[in-house]
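Work through the exercises below with the coordinates open, and try each task before reading its solution.

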Amino acid sequence: MTTTAPAPAVEPATLPRGRRRLLVVAGSPRHTVLITASWLVVALLVVLATGLADYQLGRVTNAVIIATAIVGLNVVTGYTGLLSVGHSALLGVGAYTTGVLVVKLNLQPMITIPVAVVAGVLVGAFVGLPTIRIRGLYLAMVTLALAVAFPEILQAATGLTGGAAGLVVSVRYLFPPEWTGLTRAQRPIWMFLLSLTALAVCMLIVWWMQRSRLGRDMRAVRDHEAAAESFGVNVARTKVVAFALSGGITALAGSMLAMYVGALSPAGSFTILKAIELLSGLILGGVATQLGPLVGAAVVVYLPVLLAGVVNGQGAGVLFGLLLIVIVFVMPEGIVGRLNAGWRARVEFVPRGHPYAPTPRRERA
Amino acid sequence: MRRRLALTATVAATCLLATACGGITNTGDTATGPAGSVTTDGCTDPAAATKPITGAVKIGWTVPLSGPFQGVWTLINDGFGARMKAFNAAGGANGVTADFFTTDSKLDPEVSKAMGNEMVQKDGADIISTTGTAQVATMIDDAAAACVPFLAATSSSPIYHDTTKYPWATLYLPQTDLETKAVVKAIERQFPNGATVAVGKSPSETGSIYTDAFKKSAQGTNVKVVAEASVADPNAAATTLKASGADVLFGATSAQECLALTTAIGRVGWKPTIYYDTTCADTKLYAPAGAAADNAQVFKYEVLPALPQFAGTPAVKDYLAAAKTSGLKDPMSNWSVTGWSIGEVYADVLTRAAKSPEGLTRLSIMKAAQDQDFHPSTFISGIDYHAATGGVTGMQPFRWDAAAQQFALAGDPVIIN
């Protein structure tokens, strides 16, 4: 007769020596506290922002809008690995859709938002078509052509876009709707909350997308296109969908920009310089990171302002350029990328049931 | 199916939201009171608009202090600052002095908007201004909503000259269409049997607006536009325009672009009759081009202090003396004269507003600005500044004399406004 010895109790694994970090298990009370604290900080920041002076809140709104546009750029350049320098045009598509509908058709600005997004999706998908055949620098050239051509198209379509003189969305159309309970004088708060909502929705969509099959396909295409195709990823569709999604998000930012600035002109916010600004924001913030666009937008909006207070005139531009070079040199993964690395060195996130995760007491008993 | 449902729900929610916002179309209520009148109706802070200004009236400009137009605007700022110093030295407006400050617009509409609001809300500016059509467009409504006078902004777009739509703003530059009509008339006089024109166009709003206005002015005349090229690459533009064989080159260009285009046409060996817009009216934009700039014509409304025709006049003598006292670095520069002339407009407005029954307030300043009709001392005789009809009332043609390295009169003043 053979007897089998009872299996020894399995003890939870411990972190190797030298890798002692704060362990956070998904769904654990610690995790819940961290998540709750993060949301509280965000809520506090929003409340604090609404208390800012109007001109300061205006600048925050501008940064939020730029962040939304960078979120759109992040979809193609960050998650799908397709370099685009034509996103100023997609921003312009959204802005001019709102501008034209308000000025020419007398529509309410709010109703133009979904139309602007649809226009952005369509133009984005159209721009994405060449990506089926080309990539890398060649794709950059195609998107560059879009960025350069867009202001010219606006100037040529004088009847619709106002040509070189542009369009003015009168401030009387941009007051807060009555249902908000905000007064006309609180327009800056309204614009801030509207832009922030747009940004939050876009970030949520991208967060969801990252976790979906589409997100996995995008990353696969970015990391190794041939390998992705061999594993059954429809590369062409993934690229076009990425551009369409990106176009929609960037056009939403454009629609917000039209409402914030109140005036549109071809030589204004939709030139190649704006495309470079968006790309700089993405790289500085952190490519393919969730929070990178926020940090990148803050840098490109606020850094020139801060430097203008230090150095006058041309010197501020030179100093801005130097600082950008230093940031990229010191933090090639972007500010958020570097912060993420530092965070991961101190905190270990593990899913429930992971060997490092402590076993719940009831199971041990 | 679930996706379709989600999409339908989203569209429905959007429509509901829009409906909650008060319908699909806009209502026609106004923000700044009855059209054409200057009132505080719709102001975010009406009390600030009628509060008497004591001590100093703050004047904030956001203009390019960096980038390609930095040099031009440094001189204009210097000229304006010197005129304000002279104004203060003369006692200001009933003892209220002018406190002038500038911020860098970077010629960027978003930056200009932020700077405009900052100047009003943080720095407490009583008057603000800017340059460039896109920048004017982004700031003009904000200034009206805050009921802060937006004075003598430098845009030539006809849109913003409309005081019925923009009662809280006045512009300094003459309307583009009026100027191009004067240019077309001058060409017709020079070429009675008709002329062909090639347009060198700045890759900016100024370039497009001038080009469009010129084409419109030429319609129905015997002046025909036969070619058009962007001066982003001046050499390529010169080659393209030369190939058209046009009799006349019209430069719809700004500042340094004028010099670059003249130099380029000299390089390709083309000698058309040249006309430039008023933004090219400075000796520094012709002298370096040498013989290529000879006989190039431009319209001006401010005096050229170095010209013998103006040098001895009491107005120029007074200007040079006051400029010296105020420490103006380069009084002979046409850009300095421009800055000084804008200062004349401000000084007149402030003086008249201070004498009004309400005293010096933002509202009285705006009322005085809307009624302004006077002759700035640095304007050419016969040409005035009349705010209600669009600012500058006339222009005089000048031609560049390459041998003398100076402008010379090329005709009598043309009243355009």
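**Exercise 1: a residue in the core**

Task: find which residues L350(B) touches, leaving aside those up to four places away in sequence.

Solution: The model is a predicted one, in which local features need pLDDT of at least 70 and side-chain atom pairs count only at pLDDT 80 or more, while totals for chains, interfaces and linings use all residues. Residues are numbered from 1 along each chain as its sequence is written, and chains are lettered from A and ligands numbered from 1 in the order in which they are written. With contact taken as C-beta atoms, placed from the backbone, within 7 Å, L350(B) touches V57(B), A93(B), A98(B) and I365(B).

Of its 237 residues, L350(B), L252(A), I140(B), A143(B) and F150(B) touch the most other members. Helix α10 of chain A, residues 235-261, gives the most to this core, with 16 residues.

**Exercise 2: the helix α10(A)**

Task: determine what span α10(A) should have, and how many of its residues are buried.

Solution: Helices are DSSP runs of H or I with at least four residues, numbered from the N terminus. The expected span is 1.5 Å times one less than the number of residues, so the 27 residues of α10(A) should span 39 Å, which agrees with end C-alpha atoms 38 Å apart.

A residue is buried if 20 or more other C-beta atoms, placed from the backbone, lie within 10 Å of its own. Since 24 of the 27 residues of α10(A) are buried, the helix is largely enclosed by the rest of the structure. After α10(A) comes G262(A), whose phi is positive, near 80°.

Note on methods: Core = buried A, V, L, I, M, F, W, Y, C linked by C-beta atoms within 7 Å. Buried ≥ 20, exposed ≤ 12 C-beta atoms within 10 Å, placed from the backbone. Helix = DSSP H or I, 4+ residues; strand = E, 2+ residues; numbered from the N terminus. Contact = placed C-beta atoms within 7 Å.
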